[in-house]
Amino acid sequence: MKAFDYIRATSVAEAVEAAARPGAAYLAAGTNLVDLMKGGISRPDTLVDITRLPGLDRIERGADGATRIGALVRNAALAHDVSIARRYPALAEALLSGASGQLRNAATTAGNVLQRTRCQYFYDTASACNKRDPGAGCAALGGVTRSHAVLGWSEHCIATHPSDFCVPLAALDATVEIEGPGGARSVPLEAFHRLPGDTPERETILEPGDLVVAVTLPPEAEHFAGHSRYLKVRERTSYAFAVVSAAVGLRMDGDRIGEARIALGSVALKPWRAREAERLLAGAAPTPETFARAAEAALADARPSGDNAYKIELARRIVVRALTLAAAGTPERVPALPASPFAASPFAPLTPSAGAPAHA
Amino acid sequence: MSFSITLTVNGAARSIVLEDARVTLLDLLRERLDLTGAKKGCDRGQCGACTVLIDGVRVNACLALAVSHDGASITTIEGLAEGDALHPVQAAFLEYDGFQCGFCTPGQILSAVGLIQEGQTGGDPERVREGMSGNLCRCGAYAGITQAVLAAHTAITGPDVLPGRQLAEDAA
Amino acid sequence: MPERQRHGASIGQPLTRRDGHAKITGAARYSADFRPEGLAHAVMAVSAVARGRVTHLDVAAAEAHPGVIAVMTPENAPKLAKSPDLKDNPFAFRLDLLQNDGVRYANQPIAVVVAETLEAATEGAALLAPRYESEAVSVALGAGEVFSPETIGAGSATDEGSGDIAAGMAAAETRIEATYDTAAQYHNALEPHSSVAEWDGDRLTLHTPTQALWIAKGRLAGLFGIPPENIHVVCHYLGGGFGSKGFVTAPQILGIMAAKLIGRPVKLVTRREQMFGPVGHRAATRQTLKLGATRDGTLTALDHHTLTLTSQHDDFVEPSGILSRHLYAAGAIATTHAVSRADIGTPIFMRAPGEASGSVAVESALDELALELDLDPLEIRLRNYAEVEPISHRPFSSKALRECYAQGAERFGWASRPRQPRQMRDADGLLVGWGLGTATYPAGMMQGEARATLRADGTGLIETAAQDMGQGAWTVLAQIGADGLGLPIDRIELRIGDSNLPNGGLAGGSTGTATSGTAVDNAAKGAIAALAELAVNDRASPLYGAGNAGVTAADGRLARRDDPARSESFGEILARAGRTSVEAKGQGQGDPAAQKTYAMHAHGAVYAEVKVDPDLGQIRVTRLVGAFAAGRIINPHLVRSQYYGGMIWGVSLALHEHAVLDPRSGRVMNGNLAEYHIPVNADVPSMEAILVEEHDPHVNPLGIKGVGEIGITGTAGAIANAVWHATGVRVRDIPITLDRLLG
């Protein structure tokens, strides 16, 4: 790890000023940044420690029904907040399906939003990577690509965004509050992360010195509380990044879908909002056929970036399943295995006779 | 550039001068404070062997920069027992053989202490398994670990919890 | 569970670990926990390329980093007394110790940076910014020239068989042929390879994790040109080995060299990502099984061919076909191995080498045959039950496999399994499948020695340079010593894990307890004989004239066998003789005559239940029942843990572990514990191990077979078969991944 200057900021203004200089980075829990520094992927000259900034560790409910989550609220605290779990159950489920108990206790809201890709070629400093070294090329292309993007990728970068938390945030129209050298501003989460295009090194819209201070859920985000799920397919039961995930929220209008929200995770360099699929579902009955059409629409633009065509079909099926689960209603409590296909009841008894499929 | 910090380590106040801001809490404990119970299995937050409690909360010490935790209270495996009296989690790990080589064990035990403290499992074996999944055990002592955590959970919170599913081995 | 097989006051008792208190309190010190005075920290730099040579290292940049003491490169690395490429014994693997600038695989050590702090050494290593002259690489199975190796595994015959395979196939009424791929796996003990080395002139004190103290000592003595007795290796606690610490590896030796270079104690700890190359792995295999059978399921031919990989520079060959020489009766058997070279680190022994990768293929193939024949998987295994060892025709020293099948089946509820796949769902609609695999592992012995001492204070001392890597040596050797010395276990002091003690052999190959245990038992009996000699020749003793055969030792007293009332405490005998102690040495090794006469193997049957999401393909093992027969069980509590551990390795082999190499660079792209998956707690919901009674009068006097490796075998195949049973999809690429099940 490169030696760095350490500055402990006591106010947002002080932090922003310190971090505006070249080579500076904000340090919160460090669960991602310290890992990247140990791997030589990030080599900041200065760390601006924001963990002591006052007021950023609160969850606040506005008079209008919006919920403002401070940048330093820990993932575990957020997931276990009773109000969060009740109003935005998919958010709690997504948080609890990520990483491990220890990491969730440390990792912060802003850190999660800003976490960087797990692309092996990004992590492997001996490989060419346009993110690390603009113009160097993308060694992932033609390499080991089972986990890479199927939506929104370019020939410059096929990495994916690994966050679970950001997927329901995108579905729920969250906004990111930023303080920077130019003052404060808010940006929809959907516009916060950038697709790679020909500048994959620019991962978000943040400018030097910009500090994420909060993430806000708008009042209507809680309208989906009764029919919300996060579903995450993994290659082991826990402590694994998603192969593909989906966050789904339905606002039911009698026996029809009033409004649907769908976002996919680990398919693109940002959480992927499936707006066309949402439009198809609005006003429709929650039937398997409708869900299948929505899934087709959600993946209509997908194309493999390598040996990962299976992710497209898997994503379709995850959309169908997540919609099916959401339509059935949010479970009373976050399942024992959050977001897992085995969440429902892992020790459900056997049905000895030839089984009638229980799934749609 | 050096940094002076204070930590409470296993109940004792320590004034520490860090000559280098790069020092992680894990390396501070292991290489400078001679508390080698916390182990370095991956150094990247991927195995849980370095788990300690910071202000009572379980975290990976390998990803925590020491300088950022100025003022914190740290509990390591060396500070868990009260004199000769083992912590209930320690006693349960011994009784249920929740380890083999023992390398991941301090992290497993601290993680279990933190998990029980978090109060989210209700003594449900499936929630315990999920909650302990941030601690890899390459020897494969998971069955004993789960039993130990369940037993310790009962010992600490009392039997007034959700009835745990009878584990197969108990019935065997 | 009622504990069976209680054979003595201590042997057979389910005691908790004697080293447990140290491990649960953090008092147990592993190699990297030692910090001698004046310690410096060393960090390796490893190669980014897989073939070529290092042309430049920015040594100046590293040296300029504050705190850096020295940079060790081929320019200044201490020259060794022997080439590390010299293969002067079968277990001497070629090592990369900075003796030249060549690169033979990715992650090969190319330099070591030593500094006052770990932080400085780590950054110093990063600043070396190596440049290379690299050559095209080849890492794929079968890409290089395929040849027949001289031997496989630890010197076993490359090809072996019996009968006429072609005739067997011709006689068959049903035939299957299938090819199974198993992935490259890396041991990844949670404790990284490390050394804390301190030189005093030409004497070396070394804390390093090793499964074989004396083998390590011998290897190091050769490399450094000093007598073995000048080397003191200490390893009281070993954080997992699984074969990767059987032989001392390059990183461990580089730490010793660095200490020599700077004249100070040095600690070198391998970084996790550096463990994917220089410390061994299980090579990928491609196994082709051709089975022929009559309509009733009797095998007329079993042809098991293995293609695997080894490194460009050494010769370990994964012996996947060996188990087909021992397991199923067949009219004709052929087991053959071929290998090609690749630009990879040398593969070595990894928990159940050969048996693990071979078992998943054989057990899968047998189920594929059973399907063709419409036979229950258990039935086809019983139909081909080997009453004698198939190729050698030797009788088994003991074999309670039938009981394992039966007890496991009963406990699991196997009888209600539908024959056809995709027949079972749970209440949530998840597909449920059941599978079976036969477990088998040889009951071998190495050579070891122990010393037992009876002391006047009524305590006993057992000493042997054995290691405990989690299998329980700290406990079971004390149990054996206690019964051998006729003392309660709390009066036994055990010393292991130190190379100054008598040679304890190797904790590996499931031979540790059998070998060290036999040595301890013999030593203890020798000490009792020496004590009895004192008593029966002493007119003042109530045992006078009893003769050696006429006394028994129990609870700290010797008694006349014909009159137990006439007895005397050990202390009284020693005191009268004016002795403070008596001691004896004992050997542990196999009996060549018995080994020639009998085939010696442990056996078992593993039943697995998996659930598979019918749409999403995600798999979870929900239940494992293993029934194992492995001779006398010294400590059922710890043996059960060994079985569980092995079974979880079987889960890992079947569903998780898979090192992914980029074929262009030869680099391991998932060389970390986030993406090189081993099971987590939630992957292992419910396990049961049944300890099947088995008495073996031939393996060794105590009747001990090893239990450390057998649990993997059978399990991986049972899971693969259960996945088929759940889904109807036969996946022949191991590990089975969800993309294969999307249909």
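Two residues are taken to be in contact if their C-beta atoms, placed from the backbone, lie within 7 Å. The model is predicted, and local features need pLDDT of at least 70, side-chain atom pairs count only at pLDDT 80 or more, and totals for chains, interfaces and linings use all residues. Residues are numbered from 1 along each chain as its sequence is written, while chains are lettered from A and ligands numbered from 1 in the order in which they are written.

Between chain A and chain B, 26 residues of chain A are in contact with 29 residues of chain B. On the chain A side, two or more residues are given by each of strand E1 (5-8), helix H2 (33-38) and helix H6 (101-106); helices (H or I, at least four residues) and strands (E, at least two) are DSSP runs, numbered from the N terminus. H6(A) gives the largest share of this side, five residues. By class, the side of chain A that touches chain B holds 13 nonpolar, nine polar and four charged residues. Here Ala, Val, Leu, Ile, Met, Phe, Trp, Tyr, Cys and Pro count as nonpolar, Asp, Glu, Lys and Arg as charged, and the others, Gly among them, as polar.

Chain B has six helices and five strands, which run β-β-α-β-β-β-α-α-α-α-α from the N terminus on. Its C-alpha atoms fill a box of roughly 60 × 30 × 30 Å along the principal axes.

Towards chain C, 51 residues of chain B are in contact with 47 residues of chain C. Among the elements of chain B that each supply at least two residues to this side are H1 (25-32), H3 (105-118) and H5 (142-157). H5(B) gives the most, with five residues. The side of chain B that touches chain C divides into 24 nonpolar, 13 polar and 14 charged residues.

In chain C, seven strands form an open sheet of mixed pairing in the order E3-E5-E1-E15-E12-E13-E14 (two strands pair if DSSP finds at least two bridges between them). Strands E3 (68-72) and E14 (231-234) stand at the edges with a single partner strand each, so one side of each is left without a neighbour in the sheet. The twist averages 20° from one strand to the next. E12 (residues 194-200) and E13 (residues 203-207) of chain C pair in the antiparallel sense over five bridges, and C:Glu198 stands opposite C:Thr205 in E13(C).

An open sheet of three strands in chain C has the order E4-E2-E6 with antiparallel pairing. E2 (residues 52-56) of chain C and E6(C) pair over four bridges, with C:Gly52 opposite C:Ser134 in E6(C).

Helices H10 (residues 473-485) and H11 (residues 512-536) of chain C pack at an angle of about 30°, with their axes 8 Å apart; axes are lines fitted to C-alpha atoms, for helices over the stretch in contact, and angles run from 0 to 180 degrees between N-to-C directions. H10(C) is therefore roughly parallel to H11(C) (angles under 35 degrees). The residues of this contact divide into nine nonpolar, six polar and two charged.

Key:
Angles under 35 degrees count as roughly parallel, over 145 as roughly antiparallel, 65 to 115 as roughly perpendicular and the rest as oblique.
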